[in-house]
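Student: I have not looked at this structure before. Could we go through it by asking what each description rests on?

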Amino acid sequence: MAVLAPPPEPVVAAAATGGWRRRLSGRRTRFGLLNATPVVVYLLVLFVYPIFSTLLLSLKDEDGGFTLHWYADALSGTSLDILLITLRISAETSAISLVVGFLLAYWITRLRPIWAGLVMLVVVVPHFISALVRTYGWIILLGDHGLVNETLVALHVPGAPFQLLYNELGVVIGTTSVMLPYTVLLLYAVMRGVDRGLIAAAASMGAGRLVTFFRVYLPLVAPGLVNAGILSFILCLGYYLTPALMGGPKQTMVASLIDEQVMKNNQWNGASALGVILLLLTFAGLLSLRLVKSVSEAAKNRGGA
Amino acid sequence: MSELHVMSEKQSPPTVASPVSGAGKPLSVTKVRKTYGAMTAVDEVSMEIGAGEFVTFLGSSGSGKTTTLMMIAGFVEPESGSIVVGGRDVTRLAPQKRGLGFVFQQYLLFPHMTVSENVAFPLQLRGLSKQEIRTRVGETLEMAGLSRFARRRPRELSGGQQQRVALCRALVYRPPVILMDEPLGALDKKLRDQLQTEIKRIQRELGLTVIYVTHDQEEALVLSDRIAVMRDGRIDQFDTPQELFERPRTPFVADFLGAANFLPGTVESDDAVRLDTGGVLRIRRHDLASGVRARAAVQPGRLAVCAPEDGFCTGIVETVTYVGTLVRVTIRPDGADTCVRLEIPAGRAPLMGDRVGLTADPRDVSVFDGTAG
Amino acid sequence: MIGLRDSVAGRLVLGVISLLVLVFLGLPIVLILVTSFGSDALGSFPPESWTLTWYQQLFADGSKWPAALALSATVAALTTVFSVVLGMMAAIALVRSDLPLRSAVYGLVLAPLVIPQVVVALGLFLLFEPAAMLGSPIAIALGHTVLATPIAVMILMATLKGIDERLEDAAASMGAGRLTIARRITFPLAAPGVIAAAIFSFITSFDEFFISQFLSSVDTITLPVQVFNVLQFDVDPSVTAVAALLIAVALVALGLVALLRRFGTGKQGGLLPVETGVPAGGEPK
């Protein structure tokens, strides 16, 4: 017998030029436009337009003429220092989140499903609790008489109590605790996708633990690592709460500066210029994400061909 | 088509004379056509289906069987041609206005309703009284042996049970025609056999008119009163299983249904073909002219082994495979490149390497023009 | 990483580090919940004695908290309505239609998640200040909707994708019209997703700080802004109780979503929007 086991016929072919189909697709298009319009208009008015007016404002001088001096101001003196501090703290935070998140996410992939679920709960639940509240928790914990210092003193750690608040250490601890759940979720998703068989295959070929790790596992999860690193870096850049509450004057970040310029100094143009710089940094980050993605996809395709 | 507008919306009784052909039939399809881009999915297909008939569209992927079914259901609109259900032209009607029943391959039970709610749904749409709905749902589930699952949710049922529920849901409101799109395609072999029997039983008991789509020849043969063998958007042959099997009209049908052996040769007379391997094969009467290149087709089950000198050709037995009570034998005829396949009772199996002859009853041999298909 | 799996020491080290990280994540939250019942709300842990004073003080005469709580609830409710309606329409357009420029629309909808909030807040400030709308609960809700909509869209898109569109075909084949299909099939199946989207929109707004801060006036201060002000300027020990309440609200919300997932029939991609992949202008499959 001629055994035929074809897949079901493509009833609704993608390419449709038939009159009826075209009419239907016209209806589907109209239906889509009808439903998409409110959200698009909404975001154009309350999201795109405001950002655009920020851009315009940052290029206007007091008389309404074109100027770049707000950018010159933003990129010099204390303002520049603040930008650099922002970049540094963001880099530190994302690096620590990445390393710690990697370890935790890896540990979770090795757990039995029920335990993995529970641990993920501990990771995810804080993510949905106000960062403000968590920051407050850290302020209580890290104070001179907070739980951390009391414990260290009780253990007779030399030098205790330490200054853990209102310095860079405090800020990095606080922001890391906010970014970590993100990193863990992203990395866990990537790690779960790694084919365990590949690791076993490498080992079966005689690859040692380190070789397997660096030559097989790491390249497989590398796109995820880059992704998580860049994303947490971007999110840190514009972060306000934790640095404002847990940092000292030397840990002022760009967002705090913008807030201060608007609320205290009524200096909207300068604030706008800072905002645009922040936006550009974000775009640069997103662009590099795209780049990494397309490069790794190209590599994958070449490997597959 | 203007006559149609004066016709009643209700199904007309067959006695009413009507200018529209097949007005009294549950379903008549006339020259429907559907293209997707450059591909013609269905090319002027026509057919009439009688009340209580079980009709199968059989074909491989891309033969147009599902598209035809979808046009009857109303999910795909034909570019030309017409579809008349019970005397009412439904060609341009939306699916919900056609009043047909449909059983999908993926069951598509409503996950948020229980089994009985699923079956009650089409009755509720028709505004039946609660009492009536309860009775009918109960009867239908009882008939399908599903009564004890009435309160379950679809996801708590096995695939076979789910498809039974889907079947109940499609027939509970007694549509004039029930369409089934490979309903058993997602089930394993054993369950498929079991459900085939059950579908056939219910169809007979209730006198349902069913159009069934499948790519499985065996399934089509088991279930159908008539089978439309489809290929490249057309119907090759629309006949009873026996006719298709015994008198295939095209080589494709002979091959698709029976996996026929094709033996090339030249027509010698109106009941014989001289094979390229040498011998003369007696065949069923045909209308090909003498001297024409042709192919004789014989099903594996209709060939027999005999002494070398008695057969229309001789050959060496290459393989012998036991499949239950039957034995599959391949024989390479002298001077041929391809083997001939036989299915013969186990007791009469030759041994590998034997030199044997082949015979066939002339009534079992069809002949086709050598250049066709 | 067969290495760490194989060596006992490696596993032990990894386990210890991971547990410490979990403590790191959870401790601030547990600490607040516990200290809010302690006699010394800003200090020692575990507390020396227990009290409900801080909770009572929240509602004492002259307390600013009830007004802030009421405002936050109002704003969050408005935001929920706005973002669920906008989000539902957007999700339908993105999942169930042939939308021209689909990926551009999708990118626009998700963009507020990655654009720094301070920039969004500054832009909204520049928009509402000339309109004399600073301090208006509506303005704050409109601002929060920008942030909540992407989350609602992601949840609702996952919900719609989880509903087999052919179920609607099945209903049509039995004679159900468009309205009946929407009422009897699509809506009941989408309901758990809609409720989840509403819950997440609500907590997004309820916890939001930056936009509220920029758009608030002296009279209209949301709960998070009030908490921030207290932490930065005053010392009001009852802030611990407020923080504990905020945690409780979030926990209840997450619990509700978990229940919905448990008993809901519609399949959903993931409990949390972040699980479906954080957008970077890209298209999660």
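Tutor: Start with confidence. This is a predicted model, and chain A has a mean pLDDT of 85, with 90% of its residues reaching 70 or more.

Student: Where in chain A does pLDDT stay under 50?

Tutor: Residues 1-23 of chain A stay under 50. For that stretch the model has 36 contacts beyond four places in sequence.

Student: Why is Met120(A) called buried?

Tutor: A residue is buried if 20 or more other C-beta atoms lie within 10 Å of its own. Met120(A) has 20 such atoms, so Met120(A) counts as buried. Met120(A) sits in helix H4 of chain A, residues 113-127. Its C-alpha atom is separated by 24 Å from that of Ile199(A), 79 residues apart along the chain.

Student: What makes Leu94(C) buried?

Tutor: The cut-off is again 20 or more. Leu94(C) has 23 C-beta neighbours inside 10 Å and therefore counts as buried. Leu94(C) belongs to helix H4 of chain C, residues 65-95.

Student: Which residues does Leu94(C) touch, not counting those up to four places away in sequence?

Tutor: They are Leu99(C), Arg102(C), Val105(C), Tyr106(C) and Met157(C). As for Gly193(C), 99 residues apart from Leu94(C) along the chain, the two C-alpha atoms are separated by 16 Å.

Student: How many residues of chain A and of chain C take part in the contact?

Tutor: The contact takes 79 residues from chain A and 73 residues from chain C. Helix H1 of chain A, residues 19-58, gives the most to the chain A side, with 20 residues. By class, that side has 58 nonpolar, 15 polar and six charged residues.

Student: Now chain B. Which domains does the assignment give?

Tutor: Domain 1 of chain B covers 2-246 and domain 2 covers 259-369. Their C-alpha centres lie 40 Å apart. Chain B has eight helices and 20 strands, and 45% of its 373 residues count as buried. Its C-alpha trace spans about 75 × 50 × 40 Å along the principal axes.

Student: What makes E1 and E4 of chain B a pair of strands?

Tutor: Two strands pair if there are at least two bridges between them. Five bridges join E1(B), residues 27-36, to E4(B), residues 80-85, so the two strands pair, and they run antiparallel. Ser28(B) has Val84(B) as its bridge partner in E4(B), and Arg33(B) stands opposite Ser80(B).

Student: How do you know that E4(B) and E5(B) pair?

Tutor: They have two bridges, and at least two are needed, so E4(B) and E5(B) pair, in the antiparallel sense. Val85(B) has Arg88(B) as its bridge partner in E5(B). The two strands form a hairpin with two residues between them, and Gly86(B) in the turn has a positive phi of about 50°.

Student: What is the strand order of the open sheet in chain B?

Tutor: The order is E2-E1-E4-E5, four strands with antiparallel pairing.

Student: Why are E2 and E5 of chain B called edge strands?

Tutor: Each of E2 and E5 of chain B pairs on one side only. That is what the term describes here.

Student: Which helix lies across E1, E2 and E4 of chain B?

Tutor: Helix H1 of chain B, residues 65-73, lies across them and runs at about 120° to E1(B).

Methods
Residues are numbered from 1 along each chain as its sequence is written. Chains are lettered from A and ligands numbered from 1 in the order in which they are written. This is a predicted model: local features need pLDDT of at least 70, side-chain atom pairs count only at pLDDT 80 or more; totals for chains, interfaces and linings use all residues. Domain bounds come from an automatic or database domain assignment. Two residues are in contact if their C-beta atoms, placed from the backbone, lie within 7 Å. Ala, Val, Leu, Ile, Met, Phe, Trp, Tyr, Cys and Pro count as nonpolar, Asp, Glu, Lys and Arg as charged, and the others, Gly among them, as polar. A residue is buried if 20 or more other C-beta atoms lie within 10 Å of its own, exposed if 12 or fewer, and partly exposed in between; C-beta atoms are placed from the backbone. pLDDT is the predictor's confidence in each residue, from 0 to 100. Axes are lines fitted to C-alpha atoms, for helices over the stretch in contact, and angles run from 0 to 180 degrees between N-to-C directions.
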